[in-house]
Amino acid sequence: MYNPASNMTQAQSEDHREDPTEVLNTGLSSSNKNLPNHEFSKLKQDEVAIVMVPFPAQGHLNQLLQLSCLISSYDLPVYYVGSATHNRQARIRANSLNPSDIAKVHFHDLPTPEFASPSPDFNAVNKFPSHLQPSWDASMLLREPIASFLRDISSKARRVIVVHDPLMSYNVQDVTSLPNAESYMFNCISAFTSYSMIYLFFEMSVQHEEELLKKLPSLEGIMTDEIRDLSAFQLRYRDIRSGDIHNTSKVIEGKYLDLLAQAEINQNKKNWAIGPILPTKLDHISNRNDICLEWLNKQLPRSVLYISFGTTTSLSDREIKELAMGLEQSKQRFLWVLRDADRGDIFTGEDRRVELPEGFEERVKDVGLVVREWAPQPEILAHTSTGGFMSHCGWNSCIESITMGVPIAAWPMHSDQPRNGFLLTEVLKIGLLVREWEKREELVSASTIENVVRKLMASEEGDVIGKRAEELGEAVRRSTEKGGASQMELESFVAHITR
């Protein structure tokens, strides 16, 4: 069983044998006891305050910051609560968000214990980012600082609404001790993945999608025992929530949202599908000075394959060499973001300098661009020159690609990604699989990559997939406009929490 106090010293543990959770809070609450008054200076007694509690990993930080901007647009005070390091990370990587919208969000920095921040192991066969575990363990020590913050804000607002990541359920449990507070869980994975997990873990008898679910990729190799234990540890604290918010649209996953709502595990919980929560109109960045966007401006419509494997995947030197060769041999235009996985603290340590095959960048300079910095992904996907996306299939990337109408070459690496890849390729049929999950430990060859890239970007089958992706993207964007399904769900949620 996961023990959040496991990284405390033996002496500390012996001093708190009756209640191990007290150990978590030792030395943390003092710096948060008396919050500065200016933090709530503009908060009115009759207002509803929204408190966002993200999990410290980029895909999770990003989605709750997007939601913060969305909710604050209703003139509601929103507080984004996390460690100073991760709050800073969320702000500097706020792709596609308008700076004036971010400025409305109140960032509250929590005192966080020091944690190790090792480099990712790019040679690991299993791609799960286990090097982030120390930062996740440290995040489990935030219960008391969060409780202290909630007590303070609940004394000043009419009602407090806590929106939290599923993996922060333990930390927000004290919401139940406040008479004017309630919590909602923000699900940052697809409804399809959530439903398929319930179907498997709880051995539910389902009459829907039985044949389809039998074809699902296995759960082997998707995560480490440590993160599995951490997830299981959170389960007992999830029942306190009043409902669930989903970063998806009924247009994309209506069937699975309905099935989730019917599932016994979610009975009596309200559900809102308000996604996509990223801005679908990016007018504020059209003149942005960025090397990726400048390069895309010179390319033909729908001619470029964008390649990025997110913030938790590192490729080995051999994998990078095969990918480079496959892209070169495909003769297709490409924009490749070549980065290692994040460290727990992205502001420490030296980045690895990945070596590409000798002469590669010179040979492909007329058709390809390799960038090694943080790239504005939503803007790249929204660009008219982007016609495909080779992706690890993290839900952030999936929802961005779906929204912008870009088909995907799916290359899942860990966690929910194999299920997301299945949703894209087998259910929505807006992508092609680069590699089957069962063959995840095999090296993907240059010829395999070349064939998938050509099929997606330069074949009749690719044209059909691309057309389907464009039509779905258009429907999803419409759902966020007035009268659309997602917009109505968002308004329903706001009306509910401000009742």
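Author: What follows sets computed values against the definitions of the terms. This is a predicted model, in which local features need pLDDT of at least 70 and side-chain atom pairs count only at pLDDT 80 or more, while totals for chains, interfaces and linings use all residues. Residues are numbered from 1 along each chain as its sequence is written, and side-chain values use heavy atoms, with hydrogens and water left out.

Reader: What makes aspartate 351 count as exposed?

Author: Exposed means over 50% relative accessible area, buried means under 20%, and partly exposed is in between, with a 1.4 Å probe and protein chains only. Aspartate 351 has 69% relative accessibility, and therefore counts as exposed. This residue lies in the loop between β9 (333–337) and α14 (360–363), where helices are DSSP runs of H or I with at least four residues and strands are runs of E with at least two, numbered from the N terminus. Over the protein chain, which has 499 residues, 60% count as buried.

Reader: Why are α16 and α17 called roughly parallel?

Author: Angles run from 0 to 180 degrees between N-to-C directions, and axes are lines fitted to C-alpha atoms, for helices over the stretch in contact. Under 35 degrees counts as roughly parallel, over 145 as roughly antiparallel, 65 to 115 as roughly perpendicular and the rest as oblique. Helix α16 (residues 395–403) and helix α17 (residues 417–427) pack at about 20°, with their axes 10 Å apart, and α16 and α17 are therefore roughly parallel to each other.

Reader: Which residues of α16 and α17 meet, and how are they classed?

Author: Trp395, Cys398 and Ile402 in α16 meet Asn420, Leu423 and Leu424 in α17, a contact being heavy atoms within 4.5 Å. By class, these residues divide into 5 nonpolar, 1 polar and no charged; Ala, Val, Leu, Ile, Met, Phe, Trp, Tyr, Cys and Pro count as nonpolar, Asp, Glu, Lys and Arg as charged, and the others, Gly among them, as polar.

Reader: What makes α3 roughly perpendicular to α4?

Author: Helix α3 (residues 58–72) and helix α4 (residues 84–92) pack at an angle of about 70°, with their axes 9 Å apart. That angle is why α3 is called roughly perpendicular to α4. In their contact, Gln58, Leu61 and Leu65 of α3 meet His86, Gln89, Ala90 and Arg91 of α4, and the classes here are 3 nonpolar, 3 polar and 1 charged.
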